[in-house]
Amino acid sequence: MSYWLMKSEPDSWSWQQQVAGGAHGEVWSGVRNHQAKLNLMKMKTGDRAFFYHSNVGKEIVGIVEVIREHYPDPTAKPGEPWVVVNVKAVEPLPKPVTINDVKKEPRLNKMVLINNTRLSVQPVMADEWKVVCRMGGLK
């Protein structure tokens, strides 16, 4: 299993909206960055991702699971190379983990979240995943 972090502006797509998608999940669309697109293309069914509220809150609030691997983004213009995946909500973090919490934790000093802050879909190393989960109140 691989781990990821997916950013969403909560005033556009919030954790609560993701949860409302239930077991059928939702399409993760609108990614318009080539590096983020390549990360979407690497995702496999069963991979887990942190759901990060960007701009407002700037915090990891939950965990989603990839339930459908990449396919063409239905919101893209014809001929554009963008892709989507489908994800479903797995569980919220009992305690959201803010960007400041991540920056203060020495074990996370190489995390993409603090070293490439604008990337909307990014990998998370397994050891980073465990640290963030513990910080968020998960075992």
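Me: What should I know about the numbering and the model before I start?
Reply: Residues are numbered from 1 along each chain as its sequence is written, and side-chain values use heavy atoms, with hydrogens and water left out. The model is predicted: local features need pLDDT of at least 70, side-chain atom pairs count only at pLDDT 80 or more, and totals for chains, interfaces and linings use all residues.

Me: In what order do the strands of the open sheet lie?
Reply: Strands (E, at least two residues) and helices (H or I, at least four) are DSSP runs, numbered from the N terminus. Two strands pair if DSSP finds at least two bridges between them. Here 6 strands form an open sheet in the order 2-5-4-3-1-6, with mixed pairing. Strand 2 and strand 6 (121-124) are the edge strands, each pairing on one side only. From one strand to the next the twist averages 40°.

Me: Is the pairing of strand 1 and strand 3 parallel or antiparallel?
Reply: Strand 1 pairs with strand 3 (residues 48-53) in the parallel sense, over 6 bridges. One place to look is Y3, whose bridge partner in strand 3 is R48. Strand 3 and strand 4 run antiparallel and are joined by 6 bridges; F51 stands opposite G62 of strand 4. The hairpin of these two strands has 5 residues between them, and N55 there takes a positive phi near 65°. Strand 4 is also antiparallel to strand 5, over 10 bridges, with V64 bridged to A89 of strand 5.

Me: Which strands does helix 5 lie across?
Reply: Contact means heavy atoms within 4.5 Å. Axes are lines fitted to C-alpha atoms, for helices over the stretch in contact, and angles run from 0 to 180 degrees between N-to-C directions. Helix 5 (residues 126-135) lies across strand 1, strand 3, strand 4, strand 5 and strand 6, at about 55° to strand 3. Helix 2 (residues 34-42) lies across strand 1, strand 4, strand 5 (83-98) and strand 6, at about 55° to strand 6.

Me: Why does I63 count as buried?
Reply: A residue is buried under 20% relative accessible area, exposed over 50%, and partly exposed in between (1.4 Å probe, protein chains only). I63 is in strand 4 (residues 59-72), and it counts as buried because its relative accessible area is 3%. Beyond four places in sequence, its contacts include W15, F50, V90, W129 and L138.

Me: Is P72 buried or exposed?
Reply: P72, also in strand 4, is exposed because its relative accessibility is 63%.

Me: How many residues line the largest pocket?
Reply: Rolling a probe the size of a water molecule over the atoms shows where empty space is left. On a 1 Å grid over the protein atoms alone, a pocket is an open set of points where a 1.4 Å probe fits, with protein on both sides within 12 Å along at least five of seven lines; lining residues have an atom within 4 Å of a point. The largest pocket is lined by 22 residues, with K7, S8, E9, S54 and S120 nearest its centre. Strand 1 (3-8), strand 2 (26-28) and helix 3 (99-104) each supply at least two of the lining residues.
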